[in-house]
Amino acid sequence: MKSAVTVSEKASEASYHVAKLIARQKRPHTIGETLIKPACMEIVRLMLGPNEVKEVNKVSLSADTVKRRIHDMSSDILGTLIRKLILAEKFALQIDESTNIKNKAQLIAIVRFVDEDFIKEHYLFCKEVPERTTGEEIFRVTDDFFKIYNIQWSNCIAICTDGAAAMTDSKKGFVSCVKQKNPIIQITHCCIHREALMVKNLPEELLNTMNECIKIINIIKSRALNSRIFGILCAEMGAEYESLLFYTEVRWLSRGKVLARLFELRYEVREFFIDQNMPELYQRLDDDYWIAKLAYMADIFEHLNELNKKMQGRNENILTCSDKLQGFKKKLELWQEELQKGCLEMYQRTNHSTTENKQLIVDLAQQHLSMLQQKFDHYFYSINMEQYDWIRNPFATNAINSTEALSLQIREEFIELSNDGTLKLNFTEVPLDVFWISVKKEYPRISDKAILTLLPFSTTYSWYKAADVLKQLDDNESDQERDNQLDDVEPVGSDTNADSCPSGVSSSQGH
């Protein structure tokens, strides 16, 4: 009897492990019974013998079983998360809605809270918005979830959104509804989304060049025959790549990648249009000034893509994002100074391809950088992080000067902390959030103040990662199945740079 129970437990455990793998790979539940189990039985039969196949056959992997296993694991994860969330008390929320390819609106929420000695992020829920995606409806869906699990709005210290009207409208937006529950909540507009808005506008001359680039790409990419011919041409000419990239406006990094690829394959594209007898287009590629404009756009958007990717990833907060944004602002100022001297070294493609029309490109670049600086000041006007210098390094000589806005009791506690030699040695060895959490028992007031600054999201990157995972799931799955798989996949656990979709909609190829 003991042996039979042990085998049954092992078969059940194996079933859970396989279900977890299926969920992580976002595969149909039927794959367990139709492919995985037969494959395992065949491998065991050939490697171990027919008797062991009987043991493998005891593992249940039917579609219904896999569904139940995923649901069980999802419920366990959610229960653990809710317990930790209630125990942590304070948390920050990242929330937005996404429309999938079946035109269903789904609300995705990511939560960040203190878990033991770390600040952790986790997927909270994915709920369908049945009708209109208004701020009031989004709030109703979120509030219903909070009521079911006894989560208090008063414990939510900050919300990060993409700044859409449904979220930020002063009368009926999601934020205004939340403020009725918690008037002192902090609202953050995603820094990555603001950066995407900042770079959207171009001078008219560059915009015309951009449109011509898109036209060139679409002529080749939108026709299967042209794509095949172009691929063969690239292979014959020894090009590094054999295809262009479609431009997708809603993708953050699309513009930079598309322009860089077109610049790399400019000679192959020219030969293609000569072969196709399209003089209007290949003459553009013979124009040195047009090529210089293409090179400049490829260069500047490469720099902008680097800024975008630096702000992606887990555990980004307002301090880390503001450092990167301020660094980029200083680079813009430096580039303007270099352009006034006629220097183009910071733009490698432009510098190598510009000869006769150098001054024209310099003037055009200055115009574009001036526009970028104006947009930067417009979208990031509120960034002033000097008041948080005491959080970055409490042991700096002038750190006390940045605590003037704090109460007397907190400043007294800060003075004690800043003169603690043991903590000073520990400060350089641990991450910033871990340090401030570790001093909570000894210095509770100043620790709480620092944690409340580090806790809020500065971007909605994790939400975009979850939305991308959602798009990959089987369209025929129910909402509960999608919710379960998102729980198990843990999309916020990836640090991979994402070419994510700021609007939350499925991107379509082509212009």
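Biologist: Why are α9 and α11 called roughly perpendicular to each other?

Modeller: In this predicted model, helix α9 (residues 204-221) and helix α11 (residues 254-264) pack at an angle of about 70°. Angles of 65 to 115 degrees count as roughly perpendicular. The pair is therefore roughly perpendicular. Their axes lie 11 Å apart, and the crossing is left-handed.

Biologist: Which residues of α9 and α11 meet?

Modeller: From α9 come Met-210, Cys-213, Ile-216 and Ile-217. From α11 come Arg-255, Val-258, Leu-259 and Leu-262. By class, this contact has seven nonpolar residues, no polar ones and one charged residue.

Biologist: What makes α2 and α3 roughly antiparallel?

Modeller: Again, look at the angle. Helix α2 (residues 31-47) and helix α3 (residues 50-57) pack at about 155°. Angles over 145 degrees count as roughly antiparallel. So α2 and α3 are roughly antiparallel to each other. Their axes are 8 Å apart. α2 passes α3 in a right-handed crossing.

Biologist: Which residues in α2 and α3 meet?

Modeller: α2 brings Lys-37, Cys-40, Met-41, Val-44 and Arg-45. α3 brings Pro-50, Glu-52, Val-53, Val-56 and Asn-57. Sorted by class, that contact has six nonpolar, one polar and three charged residues.

Biologist: Now a single residue. How do you know whether Leu-454 is buried or exposed?

Modeller: Leu-454 has a relative accessible area of 4%. Buried means under 20%. Leu-454 is therefore buried. This residue is found in helix α22 (residues 444-454).

Biologist: What does Leu-454 touch, leaving out residues up to four places away in sequence?

Modeller: Leu-454 touches Arg-112, Ile-119, Asn-317, Leu-319, Ile-391, Leu-432, Asp-433 and Trp-436.

Biologist: How many residues along the chain separate Leu-454 from Ala-92?

Modeller: They are 362 residues apart along the chain. Yet their C-alpha atoms are separated by 10.0 Å.

Biologist: What is the average pLDDT of the protein chain?

Modeller: The chain averages a pLDDT of 85. A score of at least 70 is reached by 88% of the residues.

Biologist: Where does pLDDT stay under 50?

Modeller: Over residues 485-511. For this stretch the model has 97 contacts beyond four places in sequence.

Biologist: Why should predicted coordinates not be read in detail in some places?

Modeller: Because pLDDT is low there. The scale of this confidence runs from 0 to 100, and residues 485-511 stay under 50.

Terms used: Residues are numbered from 1 along each chain as its sequence is written. This is a predicted model: local features need pLDDT of at least 70, side-chain atom pairs count only at pLDDT 80 or more; totals for chains, interfaces and linings use all residues. Side-chain values use heavy atoms; hydrogens and water are left out. Axes are lines fitted to C-alpha atoms, for helices over the stretch in contact, and angles run from 0 to 180 degrees between N-to-C directions. Helices (H or I, at least four residues) and strands (E, at least two) are DSSP runs, numbered from the N terminus. Angles under 35 degrees count as roughly parallel, over 145 as roughly antiparallel, 65 to 115 as roughly perpendicular and the rest as oblique. A crossing is left-handed if the near helix is turned anticlockwise from the far one by less than a right angle, and right-handed if clockwise. Contact means heavy atoms within 4.5 Å. Ala, Val, Leu, Ile, Met, Phe, Trp, Tyr, Cys and Pro count as nonpolar, Asp, Glu, Lys and Arg as charged, and the others, Gly among them, as polar. Buried means under 20% relative accessible area, exposed over 50%, partly exposed in between (1.4 Å probe, protein chains only). pLDDT is the predictor's confidence in each residue, from 0 to 100.
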